[in-house]
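Subject: Structure handover

Hello,

Here is the structure I promised to pass on. My notes follow below it.

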Amino acid sequence: MIMQDFAEAFRLAFGLVAAMDADLIEIIGLSLRVSLAAVFVAAVLGMPLGALLATVRFPGRGVAVIVINALMGLPPVVVGLLVYMALSNAGPLGFLQFLYTPAAMIVAQSILITPIVAALTRQVIEDMNFEYAEQFASLSVPWHTRIAALISDARYALATVLLAGFGRAIAEVGAVIIVGGNIAHLTRVMTTAIALETSKGDLALALALGIVLLVLALAVNAAVMSLRASAQSSAHA
Amino acid sequence: MKTIRSSFLIAIALCTSMVFAALGQAEEQSIIVQSTTSTQNSGLFDYILPIFQKSSGIRVDVVAVGTGQAIKNARNCDGDVLFVHAKPAEEKFVSEGYGVKRFDVMYNDFVIVGPPADPAGISGYSGAAASLRKIADTKSTFASRGDDSGTHKKELSLWKKAGVDVNAASGTWYRETGSGMGATLNVSVGMAAYTMTDRATWIAFRNKGGFKVAVEGDQLMFNQYGIMQVNPVRCPNVKASAARRFVDWIITRPGQSAIAGYKLDGQQLFFPNAARQGAS
């Protein structure tokens, strides 16, 4: 029975992709839009924050680093609940009318992955800052120029940091199902569709969607890596 | 260096446009209906909502959760219409001023499904309380929703009728999944446990694993669905006129015949019984 489902899943996954199933394309498109937007927000907020923590000494920095690192383990369902309570019409941000829209899902995923981007950026930049410390000191480089130089030189490692954030965002279901509501043609993404098909007992279709999701993650990672490879080769040319 | 910079710029531009694309909602008239998993998982909404949208131009977005959570969400004004199946809780919702007026919409029934081996020997019973007592006496595994849903509330009322204290047995033969109907059915099949489900979800369920309906036909297992508008006085954000049009549609002939027209494998899943049927 299970093995049959397994074989059926691969056949279904292939069939769905080959047929360019309209619903599937819509769901994939929304998954990508939401998660890439969340990565963008996390990059804008998390990278400077991580760089700041890595390069600037201030009281309480140690605690801040520990907190950011701990927040990498935020449970998606808790984030979903908090964002729901904030965005609900009975909550403080209800006037935004974000609840049950892709905007709410972007907010939730951004909260989820900004700590990941910030914490990993801090580690990457701190290691590099250590290497560059003498040079910076001898040239008396101001702090903002220093951060810009470090981010620019660490860009390949930071691309991987963003991929880690993207991976977490595209794979989570706990937050988006609460704040998005898994509404057909509006807020249904890959993971919530998988949860729905599982609850209908259609395990083969659920797994087929899972296979498509894996291939999607693979494609995004391959695209970033090839971008990086071509950038590297042109820089060395 | 230049290619890197330009590719970064392109990436940023792409992401920005995605944020705006995701934020910009199509300005089409739509309402949010807080409803239950049984109506969604059975495929009913996929069948009737396009019919309503075609005649009214209003898109209905369904948030399908357990009845308990649906009511809670509606109390927070996060929805325009409530469409669930737990009459006492619905009447409380209306009497406390959260809903406008409750209408009967349709019914089906609950059934107790179980493993083919039938360890409690209840196959063919029609008395709900008697079969539950037998399950308890034989300590046969039973999976409960345990999630404050309409089905869960009904199941607890039947245990009470049977005179069985399930709280005392929780974690032994009585297992609360704390999940939706579909997830609970998956668990039941996985551990060969009896469970109670609405008939629509059961018929549409694809992972039956040899499970069969063991008990059906008791008046006590009647499953009534009700609909009501979220009160615009309490929740100024609700789209009152569109919500009223949906409620009116579903309790009059067009909506009622759409419900009756939904069949799966030749079986009708929900039976319309709105009092106002045929009135308009």
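How many of the five residues of strand 7 (residues 194-198) of chain B are buried? Five of its five residues are, so "mostly covered" is the term for this strand, where a residue is buried if 20 or more other C-beta atoms lie within 10 Å of its own, exposed if 12 or fewer, and partly exposed in between, with C-beta atoms placed from the backbone.

First, the ground rules. This is a predicted model: local features need pLDDT of at least 70, side-chain atom pairs count only at pLDDT 80 or more, and totals for chains, interfaces and linings use all residues. Residues are numbered from 1 along each chain as its sequence is written, while chains are lettered from A and ligands numbered from 1 in the order in which they are written. Here pLDDT is the predictor's confidence in each residue, from 0 to 100. Helices (H or I, at least four residues) and strands (E, at least two) are DSSP runs, numbered from the N terminus.

Strand 7 of chain B

B:Tyr194, B:Met196 and B:Asp198 point one way from this strand. B:Thr195 and B:Thr197 point the other way. Both sets are buried.

Strand 7 of chain B has partners. Two strands pair if DSSP finds at least two bridges between them. Strand 4 (residues 103-114) of chain B pairs with strand 7 of chain B in the antiparallel sense, over four bridges. Within that pair, B:Val113 stands opposite B:Thr195. Strand 5 (residues 142-144) of chain B runs parallel to strand 7 of chain B and is joined to it by two bridges. There, B:Phe142 has B:Tyr194 as its bridge partner.

Strand 1 of chain B

Strand 1 (residues 30-35) of chain B is also mostly covered, with five of its six residues buried. Six bridges join it to strand 2 (residues 59-64) of chain B, and the two run parallel. B:Val33 is bridged to B:Val62 in strand 2 of chain B. Strand 3 (residues 81-84) of chain B pairs with strand 1 of chain B too, in the parallel sense, over three bridges. B:Gln34 faces B:Leu82 in strand 3 of chain B.

Domains of chain B

The domain assignment gives domain 1 (29-107 + 224-272) and domain 2 (109-221) of chain B. Such bounds come from an automatic or database domain assignment. The C-alpha centres of the two domains lie 26 Å apart. Domain 1 of chain B puts 18 residues into the contact, and domain 2 of chain B puts in 13 residues. Two residues are in contact if their C-beta atoms, placed from the backbone, lie within 7 Å. On the domain 1 side, helix 2 (37-41) and helix 4 (67-75) of chain B each supply at least two residues. Helix 2 of chain B gives the largest share of that side, three residues.

B:Gly150

B:Gly150 lies in helix 7 (residues 150-162) of chain B. It counts as buried because 29 C-beta neighbours lie inside 10 Å. Leaving aside neighbours within four places in sequence, it is in contact with B:Thr36, B:Thr67, B:Val84, B:His85 and B:Ala86. B:Tyr47 is 103 residues from B:Gly150 along the chain, and their C-alpha atoms are separated by 22 Å.

Chain A

Chain A has ten helices and zero strands. Its C-alpha atoms fill a box of roughly 70 × 55 × 30 Å, taken along the principal axes. Buried residues make up 46% of its 237 residues. The average pLDDT is 92, and 98% of the residues score at least 70. Among the elements of chain A, helix 1 (residues 2-18) has the lowest mean pLDDT (83), and helix 4 (residues 76-87) has the highest (97).

A:Tyr84 is in helix 4 of chain A. It counts as buried because it has 21 C-beta neighbours inside 10 Å. Not counting residues up to four places away in sequence, A:Tyr84 touches A:Ile178 and A:Val179.

Helix 5 (residues 102-139) of chain A is bent. Its kink is about 55°, centred on A:Tyr132. The bend at a residue is the angle between axes fitted to the seven residues ending there and the seven starting there. After this helix comes A:Ser140, whose phi is positive, near 40°.

Best wishes
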